[in-house]
Amino acid sequence: MTEKEYISAIATIVSDYRKKELDIPLDENHVAKWLDQFEESERYIVIKEMFQILSRNYIKAEKIEMFLTQIIEKVKNDSDGLENVAFLNLQTKGKSQDLFCEMVKDICKNEYEIDCKIITSEQDIGDEKIYVYIDDGMYTGYRSAKDILPLITNILPEGTSLKIYYMVAYSNAFFYYESKFRDQARNRNIAISFEVGQYKNNDRNVESSKIDFIWPEEKVNVFPEVAAYEKKLKQTGKANYLYDPWAQGSNPGMFTDYESRESVEAIFLKYGIRIANKIGRSTYRPLGISNTPSFGFGSIYITDFNISNTCPLVLWWGNLADNTDDPIGCWYPLFPRRTNNMVYQEIEEHEMHYSLDNYKSILSTVYRLAQEEKQKNCRVSKESFIDLWDIDLDEIVNRRERSNLLQ
């Protein structure tokens, strides 16, 4: 296929992405505009491999509806009906659960002629025996922990059942939180179960025949910007698993072959670093948002409803307006997220709150006082003879306490 044919094919795949929300169609012009941001020599391999990945990892609304229909049928059969079942819609961030619950409501009405109960606040919880939590995916597990742990520990009545469904779950977070959720549920006699449509492997500890995320090899640090970013990460003393040591020139990951993987991962990392440097916020990693010092989470999994911010920045960061120098408009996204502005502002406020820039005057005063204390101690130590009767013990104690404080 030619570059133009790949552009057309991808436009067909993504044509319904946030269709009712976006002001412009995600057509061939849109895909071409995104692709034109890469150097000409990079475009063909990028668009070819994106077609490969999206053909497997882009989920249309029809498939989501099938997934939800299967869940409803399973819950109905396990519960002898839906009368004692409530579907949870308590997420404070994101819109996927809203959309899922709307679809659940329509399916229950059209297929079973039932008005299913949707819980949108804690006050709506009644005497139902079974509660159902559905989400598009578990990536880092951060949102799942914020949603589900309060349900188990405080919100749901003891002795009830909680059924949790994910369309996709990444292995590291899922198996960690599954165990944690089960332990907490056991403490309150809540029966908890999990079901996942697709598991994605992102275990970095062992060699695997298949990895489902972007994880470059160390050879990409030949790019100056990659080497500089790596140096910055290592200065934290907490950077681990930056590079894939297992690929050994053969593991293709999500790509058509190893050589294509090697090229696209390097390209996404290089441009992602440029975007991350313009954003200027530590959690915005080149290959996807992550709190740990790394190149980023590296997932690629998209639905008609949204794309996770754990995907590489080159796929979702920016807005659909003309490119600008400000952090929000520095890139044109293939999959614009609805919350880019909001998330950026929240992270900016959070990082500024803890930034040392806010305490420069205090730190300057502490440093000056510490230097004065150090010089004072040096002057005392240089005296050859000290009359022990003249020593003020209280002053020594006070000086030591001040020194501890200043340190």
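**A close look at H7**

Modeller: Let's take helix H7, residues 171-187: it has 17 residues and reaches 25 Å from its first C-alpha to its last, close to the 24 Å expected at 1.5 Å a residue. Bear in mind that this is a predicted model. Buried in H7 are Ser171, Ala173, Phe174, Tyr177, Glu178, Phe181 and Ala185. Looking down the axis of H7, you'd see those buried residues fall within an arc of 140°, so they line one face of the helix. On the face turned away from the buried side, H7 carries the exposed residues Arg186 and Asn187.

As for what covers the buried residues of H7, the list includes strands S4 (130-138), S5 (161-170) and S6 (191-200), along with helix H6 (142-155). After H7 comes asparagine 189, with a positive phi near 55°.

Now the wider setting. S5, H7 and S6 make a right-handed β-α-β unit. S5 and S6 run parallel and are joined by nine bridges; alanine 169, for instance, has tyrosine 199 in S6 as its bridge partner. Both strands belong to an open sheet of five, ordered S3-S2-S4-S5-S6 with parallel pairing. S6 is an edge strand, as is S3 (117-119), and each pairs on one side only. On average, neighbouring strands of this sheet are turned by 25° against each other, direction ignored. Another helix, H5 (residues 96-112), packs on the sheet too, touching S2, S3, S4 and S5, and its direction makes about 130° with that of S4.

Conventions. Residues numbered from 1 in each chain as written. Predicted model: local features only at pLDDT ≥ 70, side-chain atom pairs only at ≥ 80, totals over all residues. Heavy atoms only, no water. Helix = DSSP H or I, 4+ residues; strand = E, 2+ residues; numbered from the N terminus. Expected span 1.5 Å × (residues − 1). Buried < 20%, exposed > 50% of the residue type's maximum accessible area, 1.4 Å probe, protein only. Arc of directions from axis to C-beta. Contact = heavy atoms within 4.5 Å. Pairing = 2+ DSSP bridges. Right-handed = clockwise from strand over helix to strand, strands pointing away. Axes fitted to C-alpha atoms, helices over the stretch in contact; angles between N-to-C directions.
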